[in-house]
Amino acid sequence: MSSEANEKGVPGASDAAAGAGGAAPGGGKSMDAIMALCKRRGFVFQASDIYGGINGFWDYGPLGAQLKKNLRDAWWHDMVMNPCWGRKGPGGERVRCVPLETCIIQHPKVWEASGHVGGFNDPMVDDKETKQRYRADHLIVIRTRAFADKPTVAYIQGDDKSKKTATKKLEKLLGESSSAYELEEIEYTRLIRAHQERVIGPDATKPGTLTEPRMFNLMFDTITGAVRDEANKVYLRPETAQGIFIHFKNVVDSTRVKIPFGIGNTGKSFRNEVTPRNFTFRSREFEQAELEFFCHPDESMAWYAFWRDFRMDWWKSLGLAGENLILREHAKDELSHYSTGTSDVEYRFPFTAPGFGELEGIAHRGCYDLTQHQAHSKVKLDYFDTTRGEVLPNGGKKGERYMPHCIEPAAGLDRGALALICEGYTVDRSRPSPEILKLHPRIAPIKAAVFPLMDKDGMPEVAEKLTDDLFTRFGKGGFIESDAKQSIGKRYARMDEAGCPFCFTIDGDTMKDQTVTVRDRDTGQQERIGIDKVSGYLGERLG
Ligand code: GAP
């Protein structure tokens, strides 16, 4: 759940403010260059590209699909199969989690109970002149201080180009005297209506075309069955979390899990974002990886701290360590009414720099969700804990019935993939091909490449054999590429851009002494090792 001020009391409604700065470079990285590389190397394509695209939807190409799968698999492994790398919980216990896979469409009452039907809203503004729609809380107005009768213009927060256009527009309207005025910036929603009517919208030419802000529900709806009426209206889930709460009882009854334990769920979620932007950061269809960890209320704060720290360590382990990653604890006035603690793992994306954007929220949700679903479904969702209560004469425990509390680490896989790409994107002008994608080997979609230096003299055959061997051992985590075309420099450059950590080259010497060249993507350094050592070498480095 997020810190973004649009949440209006709805659980898990949105993400953190993307920070200031718009297109300001983050560590000198250009978002345009990163997007171009993503398209060129087949990481991310605009959805419906050949039809001009569709706003807020992105598809993953061959390398992006594998990268995202590796991220999802890493989450699944480290959160569900071997939770927290075997790290012990706050009471010294083993952390236990089970998976679940739930439908995108559920009974509409699920979303009434969760609060999404009534309150999952963003304030939105339409521009009657340009037919554009904006998030009202993302519209920033520039106006002259103390001269209320002068023109005022609006730009989209975090969009450098929009701010430049608005500033130019205002200077033109004020004419030569523009430098004589002191300017101020204010959020559109904070203006009284009379002042809103003087604003020229980000893409408009005249004032007064922006409507009053009104609330807009972010859930997509559709109809089930053949009859298109309101009674058959259903929603595409805006989060995977609710699928977990509604099956809490089924999981307890069908498995041997005992509190404390977690349930993980990954999959697509849908939000009709008013202003999808910043590449895949805010899209209308995205993938979440959420865990709900159920525990006794008295132990919930300790589990909250435990998960918050582990999630930060997890992102660091994938290569997001350093000053671009922070853990931000929400201030008391940012918390939802039911939450006693929420922290966001935030990454400094090039488009949020120098600010940060939310990657994952870790929320203490109390017993809010189970209580809500119990009230709406009339099914008892409390838990009878046989390990608690007074000690009986026979040495056993009387037991205690309670509503479990829940800690929720909720990550976005698209934002995770984007952060890993942005972090890995490196320009090194000292190298013949300066663009390199330094992806962590665990996440890299191509694990290794094998090149015959020349397409003759037995080299292709040796390369093919090595490719097959490596594929057998490492192929389930990613591609093993083999390429005999172009100069070796071009082949290395191609692999650098694709984020392939190691290239093995078969050359004339291989045929004599059974050694190959290994080239490290990050340093460009080469060394020679025996061809029989390649698999072990790669195994050690891929982990
Ligand atoms: N169940 C809690 C929940 O859904 P959230 O903060 O709204 O909380 C969790 O979402 C994560 O999902 C966010 O941290 C973010 O990574 C991702 N996410 C949310 N909205 C998104 C969007 N429009 N586009 C891409 N990712 C999004």
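The side chains of Lys233 and Glu230 meet in a salt bridge, with N and O 3.8 Å apart. A salt bridge is here a side-chain nitrogen of Lys or Arg within 4 Å of a carboxyl oxygen of Asp or Glu. Glu230 is exposed at 62% relative accessibility. Lys233 is partly exposed at 22%. The model is predicted, so local features need pLDDT of at least 70 and side-chain atom pairs count only at pLDDT 80 or more, while totals for chains, interfaces and linings use all residues. Residues are numbered from 1 along each chain as its sequence is written, and side-chain values use heavy atoms, with hydrogens and water left out.

The structure holds 44 salt bridges. Side chains of opposite charge can pair when their charged atoms come close. Asp78 lies in helix α2 (residues 62–81), and Arg442 lies in the loop between β22 (435–437) and β23 (446–452), so the pair ties together parts that are 364 residues apart in sequence. Helices (H or I, at least four residues) and strands (E, at least two) are DSSP runs, numbered from the N terminus. Asp78 is buried, with a relative accessible area of 1%. Arg442 is partly exposed at 27%.

Lys39 and Asp49 form another salt bridge, with the closest N and O atoms 3.2 Å apart. Lys39 sits in helix α1 (residues 31–40), Asp49 in the loop between β1 (44–46) and β2 (58–60), and the two are 10 residues apart. Both partners have intermediate accessibility: Lys39 is partly exposed at 48%, and Asp49 is partly exposed at 34%. A salt-bridge network links Arg40, Arg41, Glu435 and Glu497.

Charge also gathers on the surface. Lys88, Arg94, Arg96, Arg256 and Lys258 form a positive patch. Patches are made of residues with over 30% relative accessible area and no salt bridge; like charges are joined within 9 Å, and nonpolar side chains (Val, Leu, Ile, Met, Phe, Trp, Tyr) within 5 Å. Lys and Arg count as positive, Asp and Glu as negative; His and the chain ends are not counted. Each charge is placed at NZ of Lys, CZ of Arg, CG of Asp or CD of Glu. Accessible areas come from the Shrake-Rupley method with a 1.4 Å probe; for residues, only the protein chains shown count as cover. Lys88 belongs to the loop between α2 and β3 (97–100). Its relative accessibility is 48%, which counts as partly exposed. A negative surface patch comprises Asp455, Glu461, Glu464 and Asp468. Glu461 is in helix α12 (residues 459–474). Glu461 is exposed, at 53% relative accessibility.

The loop between α2 and β3 also holds Cys84. Cys84 has a positive phi of about 60 degrees although it is not a glycine. This residue is buried, at 0% relative accessibility. Asp313 is 229 residues from Cys84 along the chain, yet their C-alpha atoms are separated by 9.5 Å. Asp313 is found in helix α9. Asp313 is partly exposed at 25%. Helix α9 (residues 300–320) also contains Ala305. Ala305 is partly exposed at 24%. Ala305 and Tyr383 are 78 residues apart in sequence and 23 Å apart in space, C-alpha to C-alpha.

Further backbone features fall in loops. Gln486, which is not a glycine, has a positive phi of about 70 degrees. Gln486 occupies the loop between β24 (479–482) and α13 (488–498). The peptide bond from Ile259 to Pro260 is cis, with omega near 5 degrees. Pro260 is in the loop between α8 (248–254) and β13 (261–270). Ala353 and Pro354 are likewise joined by a cis peptide bond, with omega about 5 degrees. Pro354 lies in the loop between β16 (341–347) and β17 (357–366).

For the whole fold, the protein chain has 15 helices and 27 strands. Its radius of gyration is 27 Å, close to the 24 Å that the globule rule gives for 543 residues, so the chain is as compact as a globular protein of that length. The radius is taken over C-alpha atoms; the globule rule is 2.2 Å times the number of residues to the power 0.38. Along its principal axes the C-alpha trace spans about 90 × 85 × 50 Å. Buried residues account for 54% of the 543 residues.

Notes
Buried < 20%, exposed > 50% of the residue type's maximum accessible area, 1.4 Å probe, protein only.
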